[in-house]
Amino acid sequence: MQRFKGWFGGGAVLCLVAGGYTGLLTSPPDYYQGEIVRIMYVHVPLAHTALFSYSVLFGGSLWYLWKHEPFIDNMCHAAAGISALFTLLALITGSIWAKPTWNTWWTWDPRLVSFAVLLLILGGYLMLRTFLIDDPEKEGRYAAVVAIVGFIDLPIVHFSVEWWRTLHQPQSISSRGVAISDDLLLPLTLMSIGFTLLFVYMLIIRTQLLYLTSLLHAKKGRLLSQVHLSQAGS
Amino acid sequence: MTWFYVRWLGLFILSMVFVFLVDQRYTHTLKTIPLKTVRTQPASQTPVRVMGMVSSGSLQGNLGEGQAAFELVDGADTLSVLYNGLPPENLRELKTVVMIGQWDPAAQVFHAHEMGLVPHFGFVVSAYAVAFLPIMVIIFFMGRKVMLLFQEIKQSKLYEPEAPSHVDNG
């Protein structure tokens, strides 16, 4: 994965530049929303990537509980942080979009609330990993259980617009077909691919960062204990 | 580390070019002119965009045939507008609208032929800034930290195998 990092980063930049260009400069405004529709090209891909990154966290947590590989635990830890970032940004951009269209920054809509709950779950996961447990193996196991239990929120987020009467618009792209014009679909697709590639790129860097940090701590700790033990022995 | 900073400089320049292009588009196709400024302009065939609220009780004409006359208000400024174009769907009193057309200084009337929606471009710019700036800053610092950790590990030779411990546990 590490050796493909540059390809993911480069691909993300290309897709985001192309998506940003078509989204902001060449695609037409929406008939009803006007220019405001351009927020969709960042809000929807951010939300998709947030859900995708939580799915990666869920899959990784299952894998960790099965195989107990420290690398997977690192990857899950990294995915959780990035997922929290994407979830937060999706909520903020959604709020910015809501103000001119719904005339409010926030409303207690099922889609918004379930998405905010996802952010709280991720916050809890990260707090568990940062403050609560000292034993790394126990920490990884407990965190994996939290991530798996928290996955129950994902179908709620996804289907909330169909299960309840909601202000949030339903999916434009679903199994029933594509309810969006090609002019708007192109930048949306490019941005979605771009943000997904960016997530993978960030995941690689952050996993690497967590691995190197733990390696450095472990090595330094061992060296220090060796010095301590040799001093105690002499 | 040099290559790392060069790459980020390239990204920064690319972003600035993008911001410039977006600003140009906004200035040329979306920016509206204040009513006060329009009233002082000489006659011109170049269409301009004005934004204001349709004054209460001023809307007259046959909207179904695309003809209307009304007063546009923006604070203390007022502009008489004669609209002649496609039947407007969203034209009603007390609604803020964008009208596209030419100012006739002799008749002191703004001849509008098209109606636009309020651009709200500030929201769009804010959403893009919120989406990209934190991500770019975080990636920059994460990438930098990884490079520094690599350097630290290399300099302190922590990658070398450790010498076996000679502590007698018995």
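**Where the chains meet**

Visitor: How many residues does the contact take from chain A and from chain B?
Guide: The contact takes 34 residues from chain A and 33 residues from chain B. Keep in mind that this is a predicted model.

Visitor: Which elements of chain A give two or more residues to the side that touches chain B?
Guide: They are α1 (5-26), α2, α3 and α7 (182-233) of chain A.

Visitor: And which gives the most to that side?
Guide: α7(A) does, with 14 residues.

Visitor: How do the residues on that side of chain A divide?
Guide: There are 20 nonpolar, 8 polar and 6 charged residues on the side of chain A that touches chain B.

Visitor: Now the core. Which residues of the largest nonpolar core touch the most other members?
Guide: Ile39(A), Leu46(A), Cys76(A), Ala79(A), Tyr201(A), Leu203(A) and Ala127(B) do. The core has 66 residues.

Visitor: Which elements supply at least two residues each?
Guide: From chain A, α1, α2, α3, α4 (110-132), α5 (136-150) and α7 do, together with α3 of chain B. α3(A) gives the most to this core, with 16 residues.

Visitor: What lies apart from it?
Guide: Another core lies apart, of 16 residues. Among them are Ala68(B), Val81(B), Tyr83(B) and Ala112(B).

Visitor: What tends to happen to nonpolar side chains in general?
Guide: In soluble globular proteins, they tend to be buried together.

Visitor: Back to single residues. Is Cys15(A) buried or exposed?
Guide: Cys15(A) is buried, because 21 other C-beta atoms lie within 10 Å. Cys15(A) has its place in helix α1 of chain A. Not counting residues up to four places away in sequence, Cys15(A) touches Leu190(A), Ile193(A), Gly194(A) and Leu197(A).

Visitor: And Val56(A), buried or exposed?
Guide: Val56(A) counts as buried, because there are 20 C-beta neighbours inside 10 Å. Its place is in helix α2 of chain A. Val56(A) and Ala79(A) are 23 residues apart in sequence, and 7.0 Å apart in space, C-alpha to C-alpha.

**Loops**

Visitor: What about the loop between α2 and α3 of chain A? Which residue is found there?
Guide: His68(A) is found in that loop. His68(A) has a positive phi of about 60 degrees although it is not a glycine. With 13 other C-beta atoms within 10 Å, His68(A) is partly exposed.

Visitor: And where is Asn103(A)?
Guide: Asn103(A) is found in the loop between α3 and α4 of chain A. Asn103(A) is not a glycine, but has a positive phi of about 65 degrees. Asn103(A) counts as exposed, with 8 C-beta neighbours inside 10 Å.

**Chain A overall**

Visitor: Stepping back, how many helices and strands are in chain A?
Guide: Chain A has 7 helices and 2 strands. From the N terminus on, they run α-α-α-α-α-α-β-β-α.

Visitor: How many residues are in chain A, and what percentage is buried?
Guide: There are 234 residues in chain A, and buried residues make up 41%. The C-alpha atoms of chain A fill a box of roughly 85 × 35 × 30 Å, taken along the principal axes.

Visitor: Last one. What is the mean pLDDT of chain A?
Guide: The mean pLDDT is 88, and 93% of the residues of chain A reach 70 or more. Among the elements of chain A, helix α2 (residues 40-67) has the highest mean, 95. Strand β1 (residues 173-174) of chain A has the lowest, 72.

Methods
Residues numbered from 1 in each chain as written. Chains lettered and ligands numbered in written order. Predicted model: local features only at pLDDT ≥ 70, side-chain atom pairs only at ≥ 80, totals over all residues. pLDDT = per-residue confidence, 0-100. Helix = DSSP H or I, 4+ residues; strand = E, 2+ residues; numbered from the N terminus. Contact = placed C-beta atoms within 7 Å. Nonpolar A, V, L, I, M, F, W, Y, C, P; charged D, E, K, R; others polar. Core = buried A, V, L, I, M, F, W, Y, C linked by C-beta atoms within 7 Å. Buried ≥ 20, exposed ≤ 12 C-beta atoms within 10 Å, placed from the backbone.
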